[in-house]
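Me: I would like to go through this model by question and answer, with the cut-offs stated.

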Amino acid sequence: MFTLAEVASLNDIQPTYRILKPWWDVFMDYLAVVMLMVAIFAGTMQLTKDQVVCLPVLQSTVNSKVQPDTSGKADFTTVETTTGQEEASTRTVSLGSAPTVTPDILLSRATSSQYQPTESGQELKKEQKDSPGRKTNLDFQQYVFINQMCYHLALPWYSKYFPYLVLIHTIILIVSSNFWFKYPKTCSKIEHFVSILGKCFESPWTTKALSETACEDSEENKQRLTGAQSLPKYVSTSSDEGSPSASTPMITKSGFKFSADKPMIEIPSVTILDKKDGEQAKALFEKVRKFRAHVEDSDLIYKLYVGQTVIKTVKFIFILCYTANFVNTISFEHICNPKVEHLIGYTRFECTHNMAYMLKKLLISYISLICVYGFICLYTLFWLFRIPLKEYSFEKVREESSFSDIPDVKNDFAFLLHMVDQYDQLYSKRFGVFLSEVSENKLRGISLNHEWTYEKLRQHVSRNAQDKQELHLFMLSGVPDAVFDLTDLDVLKLELIPEAKITAKISQMTNLQELHLYHCPAKVEQTAFSFLRDHLRCLHVKFTDVAEIPAWVYLLKTLRELYLIGNLNSENNKMIGLESLRELRHLKILHVKSNLTKIPPNITDVAPHLTKLVIHNDGTKLVVLNSLKKMTNVAELELQNCELERIPHAIFSLSNLQELDLKSNSIRTIEEIISFQHLKRLTCLKLWHNKIVSIPSSITHIKNLESLYLSNNKLETLPAAVFSLQKLRCLDVSYNSIAVIPVEIGLLQNLQHFHITGNKVDILPKQLFKCVKLRTLSLGQNCITSIPDKVSQLLQLTYLELKGNCLDRLPATLGQCQLLRKSGLIVEDHLFDTLPSEVKEVLNQDTSIPFANGI
């Protein structure tokens, strides 16, 4: 036997699940508990008191000797006055005939027996004479035997098993009600949802976010009523011609809230969030995001709940139908024919079921409960199909709060929220805070400002190569407000900050002229844009897709330098896909690192203003270059890694070109170099990292050439024509296959930097040391066996590379190179040790002359 507590545990649901139990489920659980109690009570009664009592029917006396004034009570009185063998016989006769009398006659007998005891005794004696029963001493055992047989033969099965059926049905209903909490594919999601929901409800950020919203709304209403706009904002000195259009991604709200002079509208107790609470809230945002992605793609929980409700409804109909048929079978009187006449002498018995009355009342109670249960099931089905439960709208929450971006949800996520609403709609409202990106951004902003204080940012400020104050922020959730308090900052780098917002406080940074946006589609307020438009001079934008470039970039009309690094493939975005560069009227330097196939037309919009154009392709062949002819003012042109096979003819039209860099292409021949004679201003030609095998003699026509870079090619000789360029100051032929340095090199009296590292030179001509202006001489990784003593003629030499040769000693005359020091002498240590000690001392002396190698 099991206890009631063990049975009740079948319906024991974790208390945390109560928020997913609507009122009808709770009510049905209580009904199920009551039905369970009915089953247990009925079963207990049956186990302790259930039995039938049977008496034989006397066939010879039933129809002839039934008097209205006889009664069972008189019979029992008579039996008590007799003794011995006669008593047993009398008891058998009288008890056998009593049940055949109708209840009305029995009642009259009971009344009359009080006044006619003598007549009853006489009648009993007459019936004894006609009794066919067998007189034995086992009459008690006979009736026990008959009672047991008739309990199984005469009593209907429903009277015997009714409590157990009720117990089974109730257990099935309980299981059906709570199956969706236990099914493996749903219980994990439900547990996760309940856990997240509870944390979201109790999170300090939820209260603070809603309180801050109320605070902001009241303050905005107050400002709107009083018209308080007394704070100064940056006033642009330029016209509104460059104002952003309606499609420009800027913050539409006024920048006063973030202005330099006005404190933020906040209540410290609201906006200041403990670091621990902030981290927990950020973790909740991530959990909600992942849970939504995990649950929204299916509707298993909804289908399972509908299925179990349908099962309960069908179960209710089934129980009601068959119970209605068997309710009348539970009766007090039953006829029994056990067919044991050879044992006791009687063939028919009338029996009474002493539990019939109680069971019938319990059955009626059970039917009443099951009817109520069924009506609730029908209501549940009506609720399930009346509204679309696989869609949930936060429209009301969006109206009541400032979080207008809370998305509507669907499928199981929506169904769980609908169930929660039946418990308390406040849960969904507070949960919606963690679905809002605006709320998440506010949290990030508060946590960010709490972590990145002015003092911490000041520690990250450094000096760059141009001796400017630079701050680099990497992978933050936003731009800390304290950044805009660094008024002496020159360069600001923002990298991998997807939610970067530049507020009006940037107008304080009067020294800011250079901005880097690396994978950072920053948004700006109107006041901030006006400041950037008039003060920003250099902008670096690195992106993956051209859509990441902020549209306001193309409206910075005072911009001087623009660096674009990212995918600008013409097939995807119609050649840069920019709004237009036409507004950048002061743009002088344009640097594009991408995968272009032709010069973008939008670049030609600013072609007349450009002085420097740099295009770095990622190995994509640059085919169409005709638009270069429009860039008449370009002084520096770089076309690197563009898979060029020849020098483009369009370059020869650039009359103002001073420097040409064709690094890392596939150029094999440079016969077109003769056309450079028309470029009178060309002073620097960089053809390094190509496949050039020879230098044409026509190079002599480039009279003004001062720098020639031919490193990392396939040259085997240096023609004498190269050394006719009297203005040449820098010659770089490193990493080729040159074996001999021509003696004509002595003609380059202005040569200051000569690089021939990584070749096959074995002998240094004495004429090399006639180039007395040499400051840099790179001779490493060759086959040189000795250094002539005439190296002492190079009085201006500051850098000498000899490492990787076949030298066995260094000339002592190195000490006469007045500007050469050990830091500028690149040689093996053992060779340096061969120098005399006085030479070593000279080379080890400090010098205040800055080192420069010209590269």
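Reply: A disulfide is counted here as a pair of cysteine sulfur atoms within 2.5 Å. The model is predicted: local features need pLDDT of at least 70, side-chain atom pairs count only at pLDDT 80 or more, and totals for chains, interfaces and linings use all residues. Residues are numbered from 1 along each chain as its sequence is written, and side-chain values use heavy atoms, with hydrogens and water left out.

Me: How many disulfides does a search of the whole structure find, and what is the pairing of the bonded cysteines in sequence order?
Reply: A disulfide is a covalent bond between the sulfur atoms of two cysteines. The search of the whole structure gives two disulfides. With the bonded cysteines of the protein chain numbered in sequence order, the pairing is 1-4, 2-3.

Me: Which parts does the disulfide of Cys 54 and Cys 351 tie together, and how many residues apart are they in sequence?
Reply: The sulfur atoms of Cys 54 and Cys 351 are 1.9 Å apart. Helices (H or I, at least four residues) and strands (E, at least two) are DSSP runs, numbered from the N terminus. Cys 54 belongs to strand E1 and Cys 351 to strand E4, so the bond ties together parts that are 297 residues apart in sequence.

Me: Is the disulfide of Cys 54 and Cys 351 right-handed or left-handed?
Reply: The handedness follows from the torsion about the S-S bond. For Cys 54 and Cys 351 this torsion is about 110°, so the disulfide is right-handed.

Me: Is Cys 150 buried or exposed?
Reply: Cys 150 and Cys 336 form a disulfide, with 2.1 Å between their sulfur atoms. Cys 150 lies in helix H7 and Cys 336 in strand E3, so this pair ties together parts that are 186 residues apart in sequence. The link is left-handed, with -90° about the S-S bond. Buried means under 20% relative accessible area, exposed over 50% and partly exposed in between (1.4 Å probe, protein chains only), and at 1% relative accessibility Cys 150 counts as buried.

Me: What is the order of the strands in the open sheet of three strands?
Reply: Two strands pair if DSSP finds at least two bridges between them. E3 and strand E4 (residues 349-353) run antiparallel and are joined by four bridges; His 334 has Cys 351 in E4 as its bridge partner. Strand E1 (52-56) and strand E3 (333-336) stand at the edges with a single partner strand each, so one side of each has no neighbour in the sheet. The pairing is antiparallel, and the order is E1-E4-E3.

Me: At what angle does helix H7 run to E1?
Reply: Axes are lines fitted to C-alpha atoms, for helices over the stretch in contact (heavy atoms within 4.5 Å). Angles run from 0 to 180 degrees between N-to-C directions. Helix H7 (residues 139-153) lies across E1, E3 and E4, and its angle to E1 is about 115°.

Me: How many of the residues of helix H21 are buried?
Reply: Helix H21 (residues 526-535) is mostly covered. Its buried residues include Phe 529, Phe 531 and Arg 533. Of the 10 residues in H21, the number buried is eight.

Me: The side chain of which residue makes a polar contact with the side chain of Asn 656?
Reply: Asn 656 is in the loop between strand E17 (636-640) and strand E18 (659-661). A polar contact is a pair of N or O atoms within 3.5 Å; within protein, one must be able to donate a hydrogen and the other to accept it, and residues adjacent in sequence count only if both atoms are side-chain atoms. A polar atom of the Asn 656 side chain lies 2.7 Å from the backbone oxygen of Thr 632. The side-chain partner, at 3.0 Å, is Arg 681.

Me: Which cysteine has the closest sulfur to that of Cys 806?
Reply: Cys 806 is partly exposed, with a relative accessible area of 48%. The closest cysteine sulfur is 5.5 Å away, too far for a bond, and it belongs to Cys 783.
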